[in-house]
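Here are my notes on the chain you sent over. I have kept them as numbered points, with the cut-offs given where each term comes up.

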Amino acid sequence: KPCPLCDEAMEVLEPYKRRFVLQEVDITLPENSAWYDKYKYDIPVFHLNGKFLMKHRVDIQKFEDQLMKLELQDD
């Protein structure tokens, strides 16, 4: 904190919050040092279903495509 890019990403993802569970990770905490080492210059970073999806900004088309694929798998 503060993280303007993170705040912006949260706003973009807000309409989708009923379709996925958002888990925020504070990479500055000691227990998250592996994430810090990996992503300290690339925040925010997004993983979907445990897999890297995107970084820096939300690519809404990519996000929607991947989310839909996951939802179709669950049917």
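**Notes on the model**

1. The mean positions of the 11 positive and 15 negative charges of the chain lie 4 Å apart. Here Lys and Arg count as positive and Asp and Glu as negative, with His and the chain ends not counted; each charge is placed at NZ of Lys, CZ of Arg, CG of Asp or CD of Glu.

2. A word on conventions: this is a predicted model, in which local features need pLDDT of at least 70 and side-chain atom pairs count only at pLDDT 80 or more, while totals for chains, interfaces and linings use all residues. Residues are numbered from 1 along each chain as its sequence is written, and side-chain values use heavy atoms, with hydrogens and water left out.

3. The chain has 3 helices and 2 strands, in the order α-α-β-β-α from the N terminus. Both kinds of element are DSSP runs numbered from the N terminus: helices are H or I with at least four residues, strands are E with at least two. Along the principal axes, the C-alpha atoms fill a box of roughly 40 × 20 × 20 Å.

4. Of the 75 residues, 23% are buried (buried is under 20% relative accessible area, exposed over 50%, partly exposed in between; 1.4 Å probe, protein chains only). The chain exposes about 6,100 Å², and carbon and sulfur atoms supply 52% of that area (Shrake-Rupley method, 1.4 Å probe; for residues, only the protein chains shown count as cover). Among contacts between residues at least 6 apart in sequence, 38% join residues at least 24 apart, a contact being heavy atoms within 4.5 Å.

5. Now to the rings: there are 3 aromatic pairs in the structure. Rings of Phe, Tyr and Trp (its six-membered ring) pair if their centres lie within 6.5 Å; planes under 30 degrees apart are stacked, over 60 edge-to-face, and the rest tilted. Phe20 and Phe63 make an edge-to-face pair, at 5.4 Å centre to centre with 75° between the planes. Since Phe20 sits in the loop between α1 (4-13) and α2 (33-39) and Phe63 in helix α3 (residues 60-74), this pair ties together parts that are 43 residues apart in sequence.

6. Trp35 and Tyr39 are stacked, because their ring centres are 5.8 Å apart and their planes are at 10°. The two residues are 4 apart in helix α2, so about one helical turn separates them. Trp35 is partly exposed at 38% relative accessibility, whereas Tyr39 is buried at 8%.

7. The structure has 1 disulfide, taken as a pair of cysteine sulfur atoms within 2.5 Å. The sulfur atoms of Cys3 and Cys6 are 2.1 Å apart, and the link is right-handed, with 65° about the S-S bond. Cys3 is buried at 13% relative accessibility, while Cys6 is partly exposed at 21%.

8. Some backbone details are worth a look. Most residues other than glycine have a negative phi, and most peptide bonds are trans. The bond from Ile43 to Pro44 is cis, with omega near -10°, and Pro44 lies in the loop between α2 and β1 (45-48).

9. His56, with phi of about 75°, is in the loop between β2 and α3 and is partly exposed at 34%.
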